[in-house]
Amino acid sequence: MPGRHVAILIEGEKSKLMPESFRKPLQLVSPSTQIPTVLDSCKQSSLQRNTATISARGSSLRENEHRLEERGFGKSWLLVVMVGMLLFIAAIGIGLVAFSRQWAPPSPPEPSELAHQAAQQRQQSSAEKLGIPVYYQNNIGMEFAWCPPGEFLMGTPNTDTGFRPQERQHFVHLSQGFYMSRHEVTVDLFRQIMNRDDVTDAERDLPATNVTWNEAFEFCERLTRLENAEGCRYRLPTEAEWEYACRADSTTTWFFGSTEPHLKRYGWVQTSKGSVLNPAGQLQPNPWGLFDMYGNAWEWCADHYDSYPLDQLTIDPRVVKPNNDRVRRGGSVGRYSIESTSSSRNALKGTVRDRETGFRVVRTVTSPLAPRP
C-alpha cells in the first residue's frame, strides 16, 4: 500500500527518495478543532444561498409591481377588489327588491283628475234624476253636499301600514243618498242652536269641540225641529256613510291618492308646530265638495264601535251595541297622518268631552228640497 511504503521509507531513513515538500515534520490535527471549522463553513455557505434566493424573489415581486403599475393598477389592487365585491352585493340587493315588488300585491291606482271629474259627474247626474241641487243651504245658512247612493269597499287593505283586523275590507251598499254638511259644525253654529253664550269672536269659525256624543245628537234633534220641514231630519252620519262620503268613489288611502305629502292641501294633521285647531273650510275639499274630512277635529258617528263583518255585503249598516264606545272618524290636528285616512277609525265613550272631537251632520231626503238662491 502506498501509505505503508511511505512509512517504511521514513523508518529506513531513506528520506532522500522523498520530495522536498514531504520532508517537513508531520503535524497532527485534532478532530475536535477541525469539525467546528467545517460546520461554520457550511452554515456560511447555506446563508449565502438563502440570501441569494430572497434577493431573487424580492426582485421578482418588484418586477410584478412594476408590471401592475404599467397596466394602471399600481398598489390599489385591493381597493379594486373591494369595490367589485360591493357592486356585486348591491346587484344582488337590487335583484331581491325587484323580485319582491314583482310578487307584491298590486296597490290601488292613484286617482287622476279624470277620476275626480267622474265622481263629480255621478254626483251631478244623481241629483238631476231626483230633481234636487248638488249643493243645498238650509234656513240658518248651513251648506250641504249631495252624496248619491252606491256601493263601495269599506275598510283598510291588509297591505296598508296602518291595517288593523277590526278594519278589514268588506263591501257596503247604501240604498239611499243623503246630504252631508260641507263643514264641521262650528262653534258659532253650535252656540246658536244650543243657546250658548260663552263664545269669543276668535272661536266663532273653529270646529265645535269638547262636545259629547249626546250633545251632538241633541244638536241634530233641535236643528230638525227648527227647520220644521216635511220629510226633513238631521242626524249624525253612520260610519259607513261617513267613509263613503269621504272617499267620493276613490279606493286609495286618501281620496286624493296615497302620496302623503299632498295631505297638507286637504287636512290639518299633527306637525312640528303642535296641535292647534283651525277655522273650518280653509283647505281644499274632496271631489264631492266636503271640507276637512281629514284632521282638524275628530267627528262623531251614529254607530257604536265594533269589528267589521267577515267578507260579506252589508246594506245600510249601522252598529247598535249600547255597551260599546262610539265611533270617531277622520283623525285630528293632534294625530299623525296614518290616523287620518279615509278608513282609519277610533272609539271613545259617548259621555267624554275631548278638545279635538267635534262632528258634522247629515240631512235625509224624503221630500223635494227648496234650495236657497
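The model is predicted. Asp249 takes part in a salt bridge with Arg122, and the N to O distance between their side chains is 2.9 Å. Arg122 belongs to helix H4 (residues 113-130) and Asp249 to the loop between H7 and E7, so this pair ties together parts that are 127 residues apart in sequence.

**Salt bridges**

- The structure contains 19 salt bridges.
- Arg122, the partner of Asp249, is partly exposed, with a relative accessible area of 29%.
- Glu218 and Arg225 also meet through their side chains in a salt bridge, at 3.7 Å from N to O.
- Within this pair, Glu218 is partly exposed at 28% relative accessibility, whereas Arg225 is exposed at 54%.
- A salt bridge also links Lys349 and Asp325, whose closest N and O atoms are 3.6 Å apart.
- Lys349 is in the loop between E10 and E11, while Asp325 is in the loop between strand E8 (314-315) and E9; the pair therefore ties together parts that are 24 residues apart in sequence.
- Lys349 is exposed, at 51% relative accessibility, and Asp325 is partly exposed, at 26%.
- A network of salt bridges links Glu239, Glu243, Arg247, Arg329 and Arg345.

**Helix H7 and the segment after it**

- Helix H7 spans residues 239-247 and is mostly covered, with nine of its nine residues buried.
- The buried residues of H7 include the charged members Glu239, Glu243 and Arg247, which also belong to the salt-bridge network.
- Trp242 and Tyr244 are among the other buried residues of H7.
- Ala248 follows H7 and has a positive phi, near 50 degrees.
- Ser250 lies in the loop between H7 and strand E7 (298-304), and it is buried at 11% relative accessibility.
- A polar atom of the Ser250 side chain is 2.7 Å from the backbone oxygen of Arg247.

- Strand E1 (residues 135-137) runs antiparallel to E2, and three bridges join the two.
- Gln137 has Glu143 of E2 as its bridge partner.
- The hairpin of E1 and E2 has five residues between the strands, and in it Gly141 adopts a positive phi near 90 degrees.
- E2 is also joined to strand E5 (residues 178-181), by four bridges in an antiparallel arrangement.
- The bridge partner of Trp146 in E5 is Tyr179.
- Strand E2 (residues 143-147) has four of its five residues buried, so it is largely enclosed by the rest of the structure.

**The four-stranded sheet**

- An open sheet is formed by four strands in the order E10-E9-E7-E11, with mixed pairing.
- Strand E10 (345-348) and strand E11 (357-358) stand at the edges with a single partner strand each, so one side of each has no neighbour in the sheet.
- Strand E9 (residues 326-329) and E10 run antiparallel and are joined by four bridges.
- Across this pairing, Val327 stands opposite Ala347 in E10.
- Arg329 and Arg345, both in the salt-bridge network, fall within the residue ranges of E9 and E10, respectively.

**Cysteines**

- How many disulfides does the structure hold? The count is zero.
- Cys147 is buried, with a relative accessible area of 0%.
- Cys246 is likewise buried at 0%, and it is one of the residues of H7.

**Nonpolar surface patch**

- Leu86, Phe88, Ile89 and Ile92 make a nonpolar surface patch of about 440 Å².
- Leu86 is located in helix H3 (residues 77-103).
- Leu86 is exposed, because its relative accessibility of 58% exceeds the 50% cut-off.

Note on methods:
Residues are numbered from 1 along each chain as its sequence is written. This is a predicted model: local features need pLDDT of at least 70, side-chain atom pairs count only at pLDDT 80 or more; totals for chains, interfaces and linings use all residues. Side-chain values use heavy atoms; hydrogens and water are left out. Patches are made of residues with over 30% relative accessible area and no salt bridge: like charges are joined within 9 Å, nonpolar side chains (Val, Leu, Ile, Met, Phe, Trp, Tyr) within 5 Å. Accessible areas come from the Shrake-Rupley method with a 1.4 Å probe; for residues, only the protein chains shown count as cover. A salt bridge is a side-chain nitrogen of Lys or Arg within 4 Å of a carboxyl oxygen of Asp or Glu. Buried means under 20% relative accessible area, exposed over 50%, partly exposed in between (1.4 Å probe, protein chains only). A disulfide is a pair of cysteine sulfur atoms within 2.5 Å. Two strands pair if DSSP finds at least two bridges between them. A polar contact is a pair of N or O atoms within 3.5 Å; within protein, one must be able to donate a hydrogen and the other to accept it, and residues adjacent in sequence count only if both atoms are side-chain atoms.
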